[in-house]
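Please keep the 3D view open as you read.

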Amino acid sequence: MKASGFATLVDDASIIVCCGSGGVGKTTTAAALGLEAARRGRKVVVITIDPARRLADALGLADGLGNDPRRIELQADGELWAMMLDATQTFDDVVREHSRSAQQAQRILDNPFYKNVASRLSGSQEYMAAEKLYALDHDERFDLVVVDTPPSREALDFLRAPRKLSNFLDHRVYRWLMAPARGGLRVLNIAAQPILRTIGRVIGADVLADAIDFFQAFEGIESGFRDRAIAVEGLLRSDRTRYVVVASPRSDTIEEARFFIDELRTLTIAASGLVVNRLQPRFGSGTSAAARRDSKAAAEAGDHKAEVLLRNVAEIRKVAEAEEKAVAPLVSAAKGAAIARLYLRADDVHDMEAIASLGRDLLAATN
Ligand SMILES: Nc1ncnc2c1ncn2[C@@H]1O[C@H](COP(=O)(O)OP(=O)(O)O)[C@@H](O)[C@H]1O
Ligand SMILES: [Mg+2]
């Protein structure tokens, strides 16, 4: 039988991006999908952008994760690795890679504007996430990259970051700042330019001089950046990359999941998977009405214990039915995607065994 649902997803995808609001189980889902894929023979790296140490903890890596992938010990045909994005370090690596010489790289890396501003600019973090994804996708050690995104609406910004960067590089202001470097003129005379004098008064002449020096040091690098930005965007939009939206039955997380599905749709991407996690277990397949009937029958038969137990089951199923009703619009919004319902467990999912068990449920789901 051909694999279906999440099994197909972990077998076929090159990149799986997990998104959703905080606390729904994105990190857990990313780890579970990664683990299942490894068990099915793939060489997987799970990358978290989430500064919380959830992934490391769940994978049993007490001393945390860094910007380089670490292999997790596993009895499996494939391999499981994990890492945590360090945007600043990734930015440095990218600068080194695209520079024409070690001196040029050093001039940029030592520049105060680069050190204090560039890597903190809004969008930098997202662009570096996209960059890292690209690097991991091209890393021969791995054939699947699973991405755990931060718990915010901006989580999908890395899809737009490459476009923003290439727009910026084409921008007039940038081109103008670069002009003296292109013309062979090494120094842009701030004092001689009224507009620069004004900007300098506002942000400080030193900062401005550093910024100009930074952009000039970038000379010749930007085409590498632009080409890469285009390649990253192509990768994120290709069908090698699949998106999994995670939600819990709470109305705010349902709304957030619908936002992600719509957001992807505006980028002409369809979500490939929907995970509804932390659902109330139903204890059997019947309805709350059926349990209530059984409870009454038990009362009539004089079985007080069964009466009380069945009344509790009826209450629990009522909650489950309300949850199912609440998630129904989300499920239909995700039409065409693999859909998995995962139940709230008695304990947190904090070790490999629990992740593996959740992963099995995820792959066994049949919409
Ligand atoms: N099905 C589940 N049953 C019980 N606890 C869960 C389940 N899924 C996740 N958790 C727990 O919920 C918390 C949040 O999960 P996490 O994956 O970190 O969410 P996110 O990354 O979306 O913030 C964690 O403590 C995790 O162990
Ligand atoms: Mg998380």
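Of the 367 residues of this chain, 39% count as buried. The model is a predicted one, so please read every value below as computed from that prediction. The secondary structure comes to 16 helices and eight strands. Looking at contacts between residues at least 6 apart in sequence, 76% join residues at least 24 apart.

**The sheet**

Let's begin with the strands. They include an open sheet of eight strands in the order β3-β4-β2-β5-β1-β6-β7-β8, and its pairing is mixed. Which strands stand at the edges? They are β3 and β8 (residues 338-343); each has a single partner strand, so one side of each is left without a neighbour in the sheet. From one strand to the next, the twist averages 20°.

| Strands | Sense | Bridges | Opposite residues |
|---|---|---|---|
| β2 (residues 43-48) and β4 | parallel | six | Val44 and Leu80 |
| β3 (residues 70-72) and β4 | antiparallel | three | Arg70 and Ala82 |
| β2 and β5 (residues 144-148) | parallel | five | Val45 and Val145 |

The link from β3 to β4 is a hairpin through six residues. Is strand β4 enclosed or open? Five of the six residues of β4 (residues 79-84) are buried, so the strand is largely enclosed by the rest of the structure.

Helix α15 lies across β6 (241-247), β7 and β8, and runs at about 160° to β7.

**Helices against helices**

Helix α15 (residues 304-333) has a helical partner as well. It packs with helix α14 (residues 288-300) at an angle of about 170°, the two axes being 8 Å apart. That angle makes α14 roughly antiparallel to α15, because an angle over 145 degrees counts as such. Among the residues that make the contact are Ser288, Ala291, Arg292 and Asp294 of α14, and Leu310, Arg311, Val313 and Glu321 of α15. How do the residues of this contact divide by class? There are seven nonpolar, two polar and seven charged residues in the contact of α14 with α15.

A second pair is formed by helix α4 (residues 87-98) and helix α5 (residues 102-110), which pack at an angle of about 150° with their axes 8 Å apart. Helices α4 and α5 are therefore roughly antiparallel to each other. The crossing of α4 past α5 is right-handed. On the α4 side, the contact is made by Asp92, Val95 and Arg96; on the α5 side, by Ala105, Ile108 and Leu109. By class, the contact of α4 with α5 holds four nonpolar, two charged and no polar residues.

**Single residues to look up**

Two residues other than glycine have a positive phi: Thr268, near 55°, and Arg278, near 65°. Where are they, and are they buried or exposed? Thr268 is found in the loop between α13 and β7 (273-279), and it counts as exposed because 7 C-beta neighbours lie inside 10 Å. Arg278 has its place in strand β7, and with 20 C-beta neighbours inside 10 Å, Arg278 counts as buried.

Finally, have a look at Phe259 in helix α13 (residues 251-266). Phe259 has 16 C-beta neighbours inside 10 Å, so it counts as partly exposed. Its C-alpha atom is separated by 9.1 Å from that of Gly20, although Phe259 and Gly20 are 239 residues apart along the chain.

Conventions:
Residues numbered from 1 in each chain as written. Chains lettered and ligands numbered in written order. Predicted model: local features only at pLDDT ≥ 70, side-chain atom pairs only at ≥ 80, totals over all residues. Helix = DSSP H or I, 4+ residues; strand = E, 2+ residues; numbered from the N terminus. Buried ≥ 20, exposed ≤ 12 C-beta atoms within 10 Å, placed from the backbone. Axes fitted to C-alpha atoms, helices over the stretch in contact; angles between N-to-C directions. Parallel < 35°, antiparallel > 145°, perpendicular 65-115°, else oblique. Left-handed = near helix turned anticlockwise from the far one by under 90°. Contact = placed C-beta atoms within 7 Å. Nonpolar A, V, L, I, M, F, W, Y, C, P; charged D, E, K, R; others polar. Pairing = 2+ DSSP bridges.
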